[in-house]
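I opened this entry to record what I looked up in one structure. The notes go from the whole chain to single residues.

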Amino acid sequence: MLDTFSLQDFNVDELISVTGNFSSLQLICLVYNCMYIIYAGFSATICIFSGMQPNFVCSDGLYPENKCIDNCTAYTYFKPEGTMVAEFNLACGNRSFLNSMFTSGYWIGFLFGVVLSGQLLDKFGRKPITILNIIGLNLSTFLMYFGNNIYILILFRAMVGFFISGGQIGAFVHFTEYLPSKNIASASVLIQVIFAVGEIIAMMVGYMFKEDWKMQYLVGAMPTPFILLGSILLYPESCRWLLAVGKQVEAVKVAEKLADINGYKHLVGKIQLVDTKELSENPALIYSWKDLFWPVKILLLSLSSFITWFATSIVYFGLTYGVQGLTGSIYINSFLMSSIEIPSFFAYILTNKYGRKYPSIIFLLLSGVAVLLMPFVKHVADGKIAVILSMIGKLCSTAVFDTLFFYQIELFPSSVRATSIGFASMTARFAVISAPFIAKIGRISDYIPYTIFAIPTFVAALLILFFVPETNKKNLPETFDDVFAKYDPKHTRRKCYSKLSIRSNTPVND
């Protein structure tokens with residue numbers, strides 16, 4: 001509780017604490033982010049059901065079912081007949097490539113979106129770029145319903161991926177920058193666990209409309225106007241970002257709005273600047289994406305984090321999109337694979353107690369081992385052992401993802417935070433784009449795809465061990481000097497950012 005104080009110098013964590021910690025604004029932003037992440041989970045996985053391959057047979061003669069025949073002129077499809085595979089004849093030949101391309105097209109768009117949006121978010125602010133991405137998401141999701149050509153649909157799907165990535169990164173970074181450092185991990189884990197809810201909804205919608213793939217996308221598009229409305233009405237600009245780029249006057253206004261919304265109206269008009277040294281007078285402190293790759297210590301940190309995102313993503317989505325290759329119902333298996341992500345909240349408990357570094361290493365190794373063992377037990381106990389190993393791999397890779405989101409935020413300073421997440425997510429998209437095509441190698445060999453999925457996890461574990469510092473229970477870095485201090489607590493930090501103060505001659509009750 002704060003009693004009386006005259007003029008005090010606050011960093012952003014202290015300011016957030018004074019104006020309510022996790023109060024009304026943070027709760028509103030949490031609900032909004034959960035809505036967005038649910039939609040992101042739905043959008044990422046609905047293609048499993050819209051592109052589900054029904055039973056088929058070559059119509060040219062008496063051929064075995066579900067077998068591609070050279071020079072077959074036409075195929076007959078059985079239920080469910082309303083999938084994209086049946087409508088656009090994507091089961092065999094060169095056209096089967098288009099089905100994988102439809103899945104990968106989303107992630108190709110996502111790839112370009114995270115690269116561009118990450119830098120735009122750091123240059124122009126969290127709010128305007130997030131809103132622009134969500135406007136694009138609204139348009140592209142509704143266009144999916146009107147696509148009547150597989151090539152046009154791949155383009156629309158790539159547009160959805162492009163816009164959803166920028167909005168997702170913007171909303172997530174924006175939200176976490178309004179939290180005290182101690183709450184970022186728990187909120188991040190909650191949001192990532194919510195991703196599984198979107199996957200489960202996708203499974204339910206896919207089952208309800210399994211004879212009409214267009215309805216699956218139309219139902220999925222319905223929440224997007226509400227997401228847009230929330231981004232416009234609820235979100236003030238990030239106070240951390242405003243201070244990081246030298247927009248101190250705007251930062252004061254946002255800080256007062258934060259105090260007002262959270263019920264600390266007595267602080268309105270009493271928040272002001274105490275360090276008037278403009279950031280523009282310190283050009284060395286205005287960071288860009290190039291600063292993520294120099295000096296060598298930062299280069300190794302960046303590459304280690306990016307490769308870890310790649311390794312986690314290729315296991316996570318390799319198992320997600322490989323669900324059709326498991327024994328049993330695709331809907332039941334999909335539900336199990338999605339539900340197993342929810343208990344991954346235990347990652348927060350472990351990382352909060354034992355730190356970010358070593359639990360991440362353990363989860364990576366466990367996911368890699370589980371995936372590596374899968375082809376050896378594929379036909380044991382009617383494939384049930386493979387399903388169990390797949391669930392273990394999915395659980396552990398989800399736990400790594402849960403950790404990675406707040407770990408990445410804690411590793412890099414405010415002015416390049418969104419850019420670093422953009423680059424990390426970009427490397428992850430390379431993994432996701434390749435996952436459907438790697439999975440197809442399973443038609444030739446059961447062992448090659450799973451080996452490819454597993455090897456990066458072991459590499460990433462070694463990189464974290466040697467090149468990534470611990471960040472648990474430390475404030476978010478505002479400069480790269482703060483980052484170096486995570487390696488060496490004796491590192492001398494330069495005071496470079498304007499801060500806010502509160503002048504009060506009356507008691508302030510918390």
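**Overall counts**

I started with the secondary structure of the protein chain, which comes to 20 helices and 5 strands. The model is a predicted one. I then looked up burial: of the 510 residues of the chain, 58% count as buried. The accessible surface of the protein chain is about 20800 Å². Carbon and sulfur atoms hold 66% of that surface. For contacts, I took those with a separation of 6 or more, and residues 24 or more positions apart account for 79% of them.

**Aromatic pairs**

I listed the ring pairs next, and the count comes to 28 aromatic pairs. One of them is Tyr 106 with Trp 107, an edge-to-face pair at 4.7 Å centre to centre with 90° between the planes. I checked burial for both residues, and Tyr 106 and Trp 107 are each buried.

Another entry is Tyr 316 with Phe 401, also edge-to-face, at 5.4 Å centre to centre and 85° between the planes. Which parts does this pair tie together? Tyr 316 lies in helix H13 (residues 296–321) and Phe 401 in helix H17 (residues 384–411), so the pair ties together parts that are 85 residues apart in sequence. I noted that Tyr 316 is buried and that Phe 401 is buried as well.

**Charges over rings**

I searched for charged ends over ring faces. The charged end of Lys 394 sits over the ring of Tyr 316, 4.8 Å from its centre. I also noted Lys 123, which lies over the face of Phe 124 at 5.6 Å from the ring centre.

**Gly 393**

I looked at Gly 393, which is in helix H17. Is Gly 393 buried or exposed? Its relative accessible area is 0%, so Gly 393 is buried. Leaving out residues up to four places away in sequence, I found that Gly 393 touches Val 315, Leu 319, Ser 367 and Ala 370. I also took the C-alpha distance from Gly 393 to Met 374, which is 9.6 Å for two residues 19 apart along the chain.

**Ser 305**

I moved to Ser 305, which has its place in helix H13. Its relative accessibility is 5%, and since buried means under 20%, Ser 305 counts as buried. With residues up to four places away in sequence not counted, Ser 305 touches Gln 408 and Phe 412.

**Backbone exceptions**

I checked the backbone next. Most residues other than glycine have a negative phi, and most peptide bonds are trans. I wrote down the departures below with that in mind.

The peptide bond that joins Trp 294 and Pro 295 is cis, with omega about 0°. Pro 295 is in the loop between strand S4 (271–273) and H13.

Asn 71 is not a glycine, yet it has a positive phi of about 65°. I placed Asn 71 in the loop between strand S2 (56–58) and strand S3 (75–77). Asn 71 is exposed, with a relative accessible area of 75%.

Lys 473 has a positive phi too, near 65°, and is a residue other than glycine. I found Lys 473 in the loop between H19 and helix H20 (480–487). The relative accessibility of Lys 473 is 66%, so Lys 473 counts as exposed.

**Nonpolar surface patch**

Which residues make the nonpolar patch of about 510 Å²? I listed Tyr 358, Leu 462, Leu 465, Phe 466 and Phe 467. Helix H19 (residues 447–467) gives the most to this patch, with 4 residues. Tyr 358 is found in helix H16 (residues 357–373).

Definitions and conventions: Residues are numbered from 1 along each chain as its sequence is written. This is a predicted model: local features need pLDDT of at least 70, side-chain atom pairs count only at pLDDT 80 or more; totals for chains, interfaces and linings use all residues. Side-chain values use heavy atoms; hydrogens and water are left out. Patches are made of residues with over 30% relative accessible area and no salt bridge: like charges are joined within 9 Å, nonpolar side chains (Val, Leu, Ile, Met, Phe, Trp, Tyr) within 5 Å. Accessible areas come from the Shrake-Rupley method with a 1.4 Å probe; for residues, only the protein chains shown count as cover. A salt bridge is a side-chain nitrogen of Lys or Arg within 4 Å of a carboxyl oxygen of Asp or Glu. Helices (H or I, at least four residues) and strands (E, at least two) are DSSP runs, numbered from the N terminus. Rings of Phe, Tyr and Trp (its six-membered ring) pair if their centres lie within 6.5 Å; planes under 30 degrees apart count as stacked, over 60 as edge-to-face and the rest as tilted. Buried means under 20% relative accessible area, exposed over 50%, partly exposed in between (1.4 Å probe, protein chains only). A charge sits over a ring if NZ of Lys or CZ of Arg is within 6 Å of the ring centre and within 35 degrees of the ring normal. Contact means heavy atoms within 4.5 Å.
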